[in-house]
Amino acid sequence: MADGSEVFEIYTAENTPCGQAFRRDVHREGLYHRSANLLVFDRQLRMLVQRRSAAKDVCPGLLDLSVGEHLKVGESHSDAAVRGAAEELGLTLVPSQLVRLRDTWLSETIYEDKDVRDREFVQTFAIVVSSEIRIDEEEVSEAFWVPASDIIAQASAEPEKFTPWFLREVQSGALDALK
């Protein structure tokens, strides 16, 4: 679990670096920062969907993308995705294996009840794996493979079961080619 003392690089609204701040301050003050999403698929093109741990501070228990990671200071989006795959799923990857699905986009979500204002510049990647997944149970309560078309339909029918950033990826069309 990340605590509030983790340091993030912060950015202007134009995605220009402008300093560093503690995670708790970044989220409380709504400072712009960066994250990476990784959509992991098996050879049958089923997407690995995770259920967030009940202990997570934001969106506990909701269905989530395969991997989502905040960037560490000086880290690239692809390096963060690779690190997240290792930490959360036990996968050993290298950045050159990742396929970038979309240009950097701004994800903004406000959780008034948690005093969190999340403003992230996100890059989204995909990868097809044949390796066994070993989830980190502190981060992920369960993970399962689902055909992309089923995920798109379920996210549309029951959006309350998914994280806001998962829904944004579906709405962006990032999964459409896999239907």
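What is the relative accessibility of Lys-161? Lys-161 stands at 35%, which makes it partly exposed (20% to 50% relative accessible area with a 1.4 Å probe, protein chains only; buried is under 20% and exposed over 50%). The views below show a predicted model, in which local features need pLDDT of at least 70 and side-chain atom pairs pLDDT 80 or more, while totals for chains, interfaces and linings use all residues. Residues are numbered from 1 along each chain as its sequence is written, and side-chain values use heavy atoms, without hydrogens or water.

**View 1. Lys-161 pairs with Glu-158 in a salt bridge.**
The two side chains meet at 2.9 Å, N to O. A salt bridge here is a side-chain nitrogen of Lys or Arg within 4 Å of a carboxyl oxygen of Asp or Glu. Glu-158 has a relative accessible area of 26%, so this residue, too, is partly exposed. The structure holds 15 salt bridges. Side chains of opposite charge can pair when their charged atoms come close.

**View 2. Lys-56 and Glu-139 form a buried salt bridge pair.**
Their closest N and O atoms are 2.7 Å apart. Lys-56 sits in the loop between E4 and strand E5 (63-64), and Glu-139 in the loop between E8 and strand E9 (140-147), so the bridge ties together parts that are 83 residues apart in sequence. Helices (H or I, at least four residues) and strands (E, at least two) are DSSP runs, numbered from the N terminus. Both partners are buried.

**View 3. Arg-119 meets Glu-108 in a salt bridge.**
The N to O distance is 2.9 Å. Arg-119 belongs to strand E8 and Glu-108 to strand E7, so this pair ties together parts 11 residues apart in sequence. Glu-108 is partly exposed because its relative accessibility is 40%.

**View 4. The largest pocket has a volume of about 620 Å³.**
On a 1 Å grid over the protein atoms alone, a pocket is an open set of points with protein on both sides within 12 Å along at least five of seven lines; a cavity is a set where a 1.4 Å probe fits but cannot get out; lining residues have an atom within 4 Å of a point. Points are joined across faces, edges and corners, and a volume is the space filled by probe spheres set on them. The pocket lining counts 30 residues. Arg-23, Arg-52, Lys-56, Gly-68 and His-70 lie nearest the centre. Helix H1 (23-29), E3, E4, E6, H2 and E8 each give at least two lining residues. By class, the pocket lining has 14 charged, nine nonpolar and seven polar residues. Nonpolar covers Ala, Val, Leu, Ile, Met, Phe, Trp, Tyr, Cys and Pro; charged covers Asp, Glu, Lys and Arg; the others, Gly among them, are polar.

**View 5. One cavity of 30 Å³ or more is present.**
The largest cavity contains about 30 Å³ of space. Ser-107, Glu-108, Thr-109, Tyr-111, Asp-118, Glu-120, Trp-165 and Arg-168 line this cavity. Strand E7 (99-111), strand E8 (116-128) and helix H4 (164-172) each give two or more of these residues. E7 contributes the largest share, four residues. The cavity lining divides into four charged, two polar and two nonpolar residues.

**View 6. Val-7, Phe-22 and Val-73 make a nonpolar surface patch.**
The patch covers about 210 Å². Val-73 lies in the loop between strand E6 (67-70) and helix H2 (77-89). This residue is partly exposed, at 38% relative accessible area. Patch residues have over 30% relative accessible area and no salt bridge; nonpolar side chains (Val, Leu, Ile, Met, Phe, Trp, Tyr) are joined within 5 Å and like charges within 9 Å. Areas come from the Shrake-Rupley method with a 1.4 Å probe.

**View 7. Asn-15 and Leu-45 have positive phi angles.**
Most residues other than glycine have a negative phi. Asn-15 has a phi of about 70°. It is placed in the loop between strand E1 (7-11) and strand E2 (17-22). Leu-45 has a phi of about 60°. Leu-45 belongs to the loop between strand E3 (32-41) and strand E4 (46-52). With 38% relative accessibility, Leu-45 is partly exposed.

**View 8. Leu-31 and Thr-12 lie 8.1 Å apart, C-alpha to C-alpha.**
In sequence, 19 residues separate the two. Leu-31 is in the loop between H1 and E3. Its relative accessible area is 23%, so Leu-31 is partly exposed.
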